[in-house]
Amino acid sequence: MCLIASISQLITGKIKINSKVSIGGWVRNRRHSKLGISFINLYDGSCIYDIQIIAINHKLKNYKNEILSITSGCSLKVIGILKYSPKNLQNYELYALKIKILGWVDNPGKYPISPKKHSLKYLREVSHLRPRTTIISCITRIKHSIALYIHNFLHKKNFFWINTPLITTLDTEGSGKMFRVSTLDFKNIKHQKDINIFKKDFFGKEAFLTVSGQLNLETYACSMSKVYTFGPTFRAENSNTKRHLAEFWMLEIEIAFANLAYIIDFTEKMLKNIFEYFLNFHENEISFLSQKVENNLFNKINKVLLNKFNIIEYNEAINILKNCKEKFILPITWGEDFSIEHEKYLTNKYFNSPVIIFNYPKNIKAFYMYLNNDKKTVASMDLLLPDIGEIIGGSQRENRINILDKRFKEFKLNKNDYWWYRDLRKYGTVPHSGFGLGFERLILYITGLNNIKDVIPFSRTPYNAKF
Ligand code: 4AD
Ligand code: MG
């Protein structure tokens with residue numbers, strides 16, 4: 001069986017024009033002419049193109065009793081002769097010698113993915129069928145390609161991929177928004193308030209789905225220098241926004257001997273590298289997305305690529321926001337985190353470009369961040385992109401055990417729970433830094449879409465885990 005992707009790369013591939021090929025796929029649309037010819041658009045998801053099948057009455061035995069009954073969504077195996085399309089020499093047509101219907105569509109009038117244009121909101125309701133649309137399969141191929149590119153990019157720079165655990169007993173970010181992992185039978189437990197109850201649980205203590213692989217990743221950075229982890233992360237935040245998922249993928253990078261300035265520079269270079277790759281190698285997808293989603297997509301990304309990111313301290317960002325004429329719903333107060341309206345003002349209006357904000361107040365950031373000399377701020381950074389806001393969060397890590405222990409106290413965390421993390425500071429401690437990139441937010445930005453639920457196959461958000 002040959003993929004449409006191999007046909008569309010005809011020039012480099014083994015398949016030749018006028019040769020016999022066999023393909024499998026699903027019917028996007030079909031048109032039957034009165035002259036006994038049917039035009040069937042078939043897709044197999046391997047690339048952005050469909051292929052047109054020309055089915056001629058007198059060449060196919062099953063034309064009248066089967067081909068004429070084909071509807072959108074039917075699955076077919078087609079053997080035919082490959083020809084250039086007379087309308088567009090970039091496209092191909094397959095003159096069918098044989099068409100086998102592998103699967104019919106029950107009740108075609110009710111097929112959820114009819115050829116008409118569906119809204120992305122509607123498609124979320126049929127997440128199991130939406131990869132059959134050109135837009136969702138396009139996003140999926142982009143996601144695959146960018147993930148591979150990132151692995152390669154890091155590999156070339158001597159990073160190692162570490163598979164950090166998804167089940168954890170520690171709260172990395174200290175926010176407490178974690179999903180419990182347990183085999184206890186809560187319905188039938190007699191003393192639900194018994195604090196020792198978790199001693200009987202699977203791990204003999206409370207366990208959760210991880211909010212970040214960072215703490216485990218640091219152990220490998222403090223022995224193998226340059227490492228990353230890339231996998232699912234879970235947050236039980238009750239936020240139903242266009243940027244939040246309860247389960248999302250995060251790329252986390254950790255670099256030994258690096259300080260905050262180093263990772264600020266690294267994040268900008270890495271993002272620009274990814275954008276450049278996307279612009280150079282996804283021309284077809286960009287032109288498709290420009291028609292369907294955001295007509296200025298190429299220029300939007302190119303502009304980010306060509307300009308230096310603005311790098312400002314938290315204090316400066318506060319001053320800009322306090323002194324501007326914009327009316328914000330939430331007030332600007334030193335010591336508070338920015339909300340999306342503040343982030344958007346800085347990126348979309350004030351700078352009109354990505355912004356990296358660093359040295360946030362210590363109280364709004366995690367316990368593991370390096371305490372600055374002012375004792376009020378930590379060596380942290382957030383990278384904000386226009387429209388989307390925060391896409392990367394990172395910091396230099398606190399590598400001084402006495403200060404780390406004080407921070408545990410401030411956060412009311414039991415330092416003994418973090419004994420192995422503290423060991424890294426006891427045995428050959430080194431300055432090190434890292435950051436996390438929200439993978440779906442990155443894909444959201446480069447595809448020009450505006451809801452994160454559309455760039456993950458099966459979204460998990462509050463009250464939503466249907467598929
Ligand atoms: O800023 P965050 O919480 O940082 C960490 O988890 C650190 N441990 C990373 C590190 O230093 N190794 O999350 C990092 C990024 C955010 O900037 C955002 O892009 C994404 O993860 N993110 C989310 N994406 C989708 N849905 C959510 N609920 C997200 N929460 C964070
Ligand atoms: Mg953050």
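Colleague: To begin with the ligand, how far is a nitrogen atom of ligand 1 from an N or O atom in the side chain of S212?
Modeller: This is a predicted model, and in it the distance between that nitrogen atom of ligand 1 and an N or O atom in the S212 side chain is 3.0 Å.

Colleague: How much of ligand 1 does the protein bury?
Modeller: The protein buries 93% of the 630 Å² that ligand 1 exposes when taken alone.

Colleague: What about the oxygen atoms of ligand 1, and how far is one from an N or O atom in the side chain of E390?
Modeller: For E390, the distance from a side-chain N or O atom to an oxygen atom of ligand 1 is 2.6 Å. The side chain of R397 also has an N or O atom 2.9 Å from an oxygen atom of ligand 1.

Colleague: How many residues surround ligand 1, and which are the closest?
Modeller: Ligand 1 is surrounded by 24 residues, and the closest are E173, Q214, E252, E390 and I391. By type, the shell divides into 8 nonpolar, 8 polar and 8 charged residues.

Colleague: Which strand gives the most to that shell around ligand 1?
Modeller: That is β15, with 5 residues. At least two residues of the shell come from each of β11 (247-256), β15 (389-396) and β16 (432-438).

Colleague: What does the side chain of R243 reach?
Modeller: The R243 side chain reaches the backbone oxygen of I388, at 2.9 Å. R243 itself is in the loop between β10 (226-234) and β11, and it counts as buried at 18% relative accessibility.

Colleague: Where is N352 found, and what is its phi?
Modeller: N352 is in the loop between α9 (340-350) and β13 (355-361). The phi of N352 is near 55 degrees, a positive value in a residue other than glycine. With a relative accessible area of 41%, N352 is partly exposed.

Colleague: A change of topic: how many aromatic pairs does the structure hold?
Modeller: There are 29 aromatic pairs in the structure. In one of them, Y277 and F281 have ring centres 5.2 Å apart and planes at 25 degrees, so this pair is stacked.

Colleague: Why does that angle make the pair of Y277 and F281 stacked?
Modeller: Planes under 30 degrees apart count as stacked, and the planes of Y277 and F281 are at 25 degrees.

Colleague: How many residues apart are Y277 and F281 in helix α5?
Modeller: They are 4 residues apart in helix α5 (residues 260-281), so about one helical turn separates them.

Colleague: Is Y277 buried or exposed, and is F281 buried or exposed?
Modeller: Y277 is buried, with a relative accessible area of 17%, whereas F281 counts as exposed at 59% relative accessibility.

Colleague: Which residues form one aromatic cluster with Y277 and F281?
Modeller: The cluster is formed by Y149, F153, F159, Y262, F266, Y277, F281 and F435.

Colleague: Finally, which residue lies over the face of Y445, and which over the face of Y421?
Modeller: K300 lies over the face of Y445, at 4.0 Å from the ring centre. R425 lies over the face of Y421, with 4.0 Å to the ring centre.

How values were computed: Residues are numbered from 1 along each chain as its sequence is written. Chains are lettered from A and ligands numbered from 1 in the order in which they are written. This is a predicted model: local features need pLDDT of at least 70, side-chain atom pairs count only at pLDDT 80 or more; totals for chains, interfaces and linings use all residues. Side-chain values use heavy atoms; hydrogens and water are left out. Rings of Phe, Tyr and Trp (its six-membered ring) pair if their centres lie within 6.5 Å; planes under 30 degrees apart count as stacked, over 60 as edge-to-face and the rest as tilted. Buried means under 20% relative accessible area, exposed over 50%, partly exposed in between (1.4 Å probe, protein chains only). A charge sits over a ring if NZ of Lys or CZ of Arg is within 6 Å of the ring centre and within 35 degrees of the ring normal. A residue is near a molecule or strand if one of its heavy atoms lies within 4 Å of it. A polar contact is a pair of N or O atoms within 3.5 Å; within protein, one must be able to donate a hydrogen and the other to accept it, and residues adjacent in sequence count only if both atoms are side-chain atoms. Accessible areas come from the Shrake-Rupley method with a 1.4 Å probe; for residues, only the protein chains shown count as cover. Ala, Val, Leu, Ile, Met, Phe, Trp, Tyr, Cys and Pro count as nonpolar, Asp, Glu, Lys and Arg as charged, and the others, Gly among them, as polar.
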